[in-house]
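Student: Could you walk me through this model? I'd like to know what the terms mean as we go.

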Amino acid sequence: AEIFHQLSQALAVLTDAAARAAYDKVRRAKRQAAERTQKLDEKRKKVKLDLEAREREAQSQETEEEEIRITRSLEEEIIRLREEGSRQLEEQQRLIREQIRLEREQLSQGEHRGARSPHLPHVHLRWKCRKEDETGGGYSKDVLLQILQKYGDVLNLVISSRKTGSAVVEFATVKAAEMAVKNEVGLTNNPLKISWLEGQPQSHPSTVLSDSTSQPRTSQASVVSERDYESLVMMRMRQAAERQQLIEQLQREDEEESHT
């Protein structure tokens, strides 16, 4: 009965032109309202999406600018560290060159002036000699002086009167005594054995190999000087290279820490 009543009302509306027009108007109004609502929702959604896109773009731009700023700061810091390291290396090299120059001048002045050490160097000479040998094994005071004075000034030379084949020599400089100890072999048929008694230097950067088949030459003093200087230069260069490697390693570590 309820369904029949509803159908009767619907039929009355459909058959009545005025009622049908009113019904159509209401439906059209509802449809238009729904369309407006849908369009408004789409517009709002588009505005929301546009706003979110702009926010993401602005945030991305800010992030990119921040990365550029950080990268520029890192590059400037790396350049500063390199320049500072180069200045330090140049200063160290300058100091090394100055120190080498001063040491070379001191070495040259000591050799040319024959500067004496506070403790004058003494060496002991030994050679084979029988007691009955009147020639002293071929070594007299004049012969020994002639052999030793090519290395430098000899202040005193005392041949032992109690022990044959033995003498003590006092040189004016440590360099002269050192060269005599390292290089002199004496007479071919009766070699000399020379050892330190007093004034031996603690350490030396270089040594000169003796030639047992030939007599030492007067130019050996300059050879020792040049080799001492070359050894000193090589040592300074190694120190400078080690400092440079340390500076570069510190720079690499700083760069790695900055990137992380």
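Tutor: Let me start with a term: contact here means heavy atoms within 4.5 Å. Helices (H or I, at least four residues) and strands (E, at least two) are DSSP runs, numbered from the N terminus. This is a predicted model, in which local features need pLDDT of at least 70 and side-chain atom pairs count only at pLDDT 80 or more, while totals for chains, interfaces and linings use all residues. Residues are numbered from 1 along each chain as its sequence is written, and side-chain values use heavy atoms, with hydrogens and water left out.

Student: OK, which strands does helix 4 lie across?

Tutor: Helix 4, residues 174-183, lies across strand 1, strand 3 and strand 6, and runs at about 145° to strand 6. Axes are lines fitted to C-alpha atoms, for helices over the stretch in contact, and angles run from 0 to 180 degrees between N-to-C directions.

Student: And what does helix 3 lie across?

Tutor: Helix 3, residues 141-148, lies across strand 1, strand 2 and strand 3, running at about 145° to strand 2.

Student: In what order do the strands of the sheet come?

Tutor: The sheet is open, with four strands in the order 2-3-1-6 and antiparallel pairing; two strands pair if DSSP finds at least two bridges between them. Strand 2 (154-159) and strand 6 (193-198) are the edge strands, and because each has a single partner strand, one side of each is left without a neighbour in the sheet. From one strand to the next, the twist averages 25°.

Student: How many bridges join strand 1 to strand 3?

Tutor: Five bridges join strand 1 (residues 122-126) to strand 3 (residues 166-171), and valine 123 has valine 169 in strand 3 as its bridge partner. Strand 2 and strand 3 also pair in the antiparallel sense over five bridges, where valine 158 is partnered by valine 168 of strand 3. The hairpin of strand 2 and strand 3 has six residues between the strands, and glycine 165 there takes a positive phi near 70°.

Student: Back to helix 3, which of its residues are buried?

Tutor: Leu144, Leu145, Ile147 and Leu148 are the buried residues of helix 3, where buried means under 20% relative accessible area, exposed over 50%, and partly exposed in between (1.4 Å probe, protein chains only). Seen down the axis of helix 3, these buried residues fall within an arc of 160°, so they line one face of the helix; the arc is that of the directions from the helix axis to the C-beta atoms. Asp142 and Gln146, on the other side of helix 3, are exposed. The cover over its buried residues includes strand 1, strand 2, strand 3 and helix 4.

Student: Which residues have the most contacts inside the largest nonpolar core?

Tutor: They are Val123, Leu125, Trp127, Leu144, Leu148, Val169 and Phe171, in a core of 23 residues. Helix 4 supplies the largest share of this core, five residues. A nonpolar core is a set of buried Ala, Val, Leu, Ile, Met, Phe, Trp, Tyr and Cys residues joined through side-chain atoms within 4.5 Å.

Student: Is histidine 122 buried or exposed?

Tutor: Histidine 122, which is found in strand 1, counts as buried because its relative accessibility is 18%. Not counting residues up to four places away in sequence, histidine 122 touches Val168, Val169, Glu170, Trp196, Leu197 and Glu198.

Student: Changing topic, where is serine 86?

Tutor: Serine 86 is in helix 2 (residues 17-113), and at 38% relative accessibility serine 86 counts as partly exposed. The C-alpha atoms of serine 86 and glutamate 248 are separated by 9.9 Å, although these residues are 162 residues apart along the chain.
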